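Please look over the sequence and the model first, and then read on.

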Amino acid sequence: MPISRRALAAAVTALVLPLSACGSGAGGGSTDASGKIEGDITFQTWNLRANFKDYFDGLIAGFEKKYPGTHVKWVDQPAEGYADKISADAAGGTLPDVVNVSPDLVAPLAKAGLAMDLDKAAAKYRGEYLPGAWASHQIPGMPGTYAFPWYLNTGPLFYNKALFTKAGLDPEKPPKTYDELFADALRMARTSGGKVATLANIPTIEDFGRYGSSLMDKQGTGFTFNDAKGVELLTKYKELYDAKGLDAQALNATPESAGKEFLTQAVAMNPGSALDLDNFKKQAPSLYRNIGITDQITNTGHVNMYVMGLMVNSRTRQAPAAVAFAHYVTDAEHQMSFARKVAIFPSTAGSLDDPYFTKEDGTDETRVRVAAAKSLKTAINYTPVLFSDQMKTALRNEVGKALQGKQSPKTALDNAVRACDRLLKQQG
């Protein structure tokens with residue numbers, strides 16, 4: 001299971017891991033979930049059994065008690081190869097009845113007619129969820145919603161107050177805007193003689209979204225992140241890279257490696273979640289003593305949201321039971337109980353107003369949780385649903401060439417858009 005797929009999953013898999021095509025043509029399958037809730041269904045999760053077996057055993061027992069005559073078989077798949085496993089099951093006709101998905105995983109299934117349209121089959125439940133969360137499993141160019149929103153995550157920016165002080169920056173006034181971020185990063189690089197970078201990652205598609213790039217047309221037929229805002233952001237990153245304000249290893253960085261650079265105090269800022277605080281406390285006490293916490297930087301007023309969902313197989317033979325179970329797992333009561341076990345957030349309307357998400361007790365952990373919950377109410381999943389892993393690689397490769405001076409930021413983004421558009425057409 002997997003900041004895109006991997007960052008949300010980091011909230012859950014960080015407990016055990018370090019920070020971490022089905023054809024085309026919509027239509028087919030059932031959207032009729034009326035009838036008696038009974039029969040056997042299979043429920044598939046994404047790397048959750050190791051830490052949450054008791055929770056899910058209890059959840060399933062509760063559902064079977066509520067609906068006598070139902071039986072839920074729970075299967076859990078490992079993190080690695082999950083997308084390939086879903087593709088193989090879809091192609092072989094063995095896709096489970098209820099499947100744990102991220103938006104990018106549900107898109108090809110919806111196009112193949114294998115994901116049930118919940119706007120038709122479960123419209124009565126729509127108002128129970130945050131609008132942005134419900135919309136996260138909608139596919140550009142297709143009517144409908146193709147998964148129940150499950151748990152959400154977002155996180156603050158952590159920063160190293162000691163490194164800010166050493167650079168002559170006010171440790172109590174971290175950057176709030178992109179202009180401030182790049183100005184502070186350039187100063188950090190200059191005063192440290194290029195030894196301390198501020199950021200450890202090159203920009204990803206969600207960074208272009210937060211900066212204000214339009215990313216994709218509304219019809220879902222082409223990408224548009226090579227617009228003026230996109231070019232402006234990459235140009236600023238190029239200036240930062242040349243000044244050594246962007247870590248030298250950024251071109252090859254992963255979320256895990258970037259996290260280590262921050263942990264060893266080689267970089268001054270890094271995104272994260274409440275789970276990271278305990279990690280800092282245990283592995284880097286000197287960093288923890290100097291940790292600063294600030295909001296995500298965005299030009300849009302909306303932070304980035306990571307979301308997981310539960311898709312119902314449109315070919316299920318037990319549609320009433322499958323829809324009822326997917327709703328049961330994702331209703332307000334059960335999302336709240338899950339959120340109290342791990343640092344994730346419920347997608348249900350009103351849940352983020354619970355005192356658990358609004359009252360601070362003086363600890364950094366609750367400060368992060370309260371701030372994140374507040375921002376999630378209007379958060380956006382910036383990564384386009386149709387933006388595949390191959391597209392992420394294409395964008396990363398072109399951005400890397402621009403940072404190294406092999407091509408201009410404009411040329412890099414034009415090339416990336418062309419490559420992503422070609423991949424989009426191949427999706428069908």
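## An aromatic cluster

F43, F52, Y55, F56, F63, Y67, W74, W150, Y151, F325, Y328 and F338 are linked into a cluster by ring pairs, where rings of Phe, Tyr and Trp (its six-membered ring) pair if their centres lie within 6.5 Å, with planes under 30 degrees apart counted as stacked, over 60 as edge-to-face and the rest as tilted. The model is a predicted one, in which local features need pLDDT of at least 70 and side-chain atom pairs count only at pLDDT 80 or more, while totals for chains, interfaces and linings use all residues. Residues are numbered from 1 along each chain as its sequence is written, and side-chain values use heavy atoms, with hydrogens and water left out.

## Two pairs that share F338

The structure holds 31 aromatic pairs. In one of them the rings of F52 and F338 have centres 5.2 Å apart and planes at 80°, so the pair is edge-to-face. Because F52 lies in helix α2 (residues 49-66) and F338 in helix α15 (residues 332-339), this pair ties together parts that are 286 residues apart in sequence; helices (H or I, at least four residues) and strands (E, at least two) are DSSP runs, numbered from the N terminus.

Y151 and F338 also form an edge-to-face pair, at 5.7 Å centre to centre and 75° between the planes. Since Y151 lies in strand β4 (residues 148-153) and F338 in helix α15, the pair ties together parts that are 187 residues apart in sequence.
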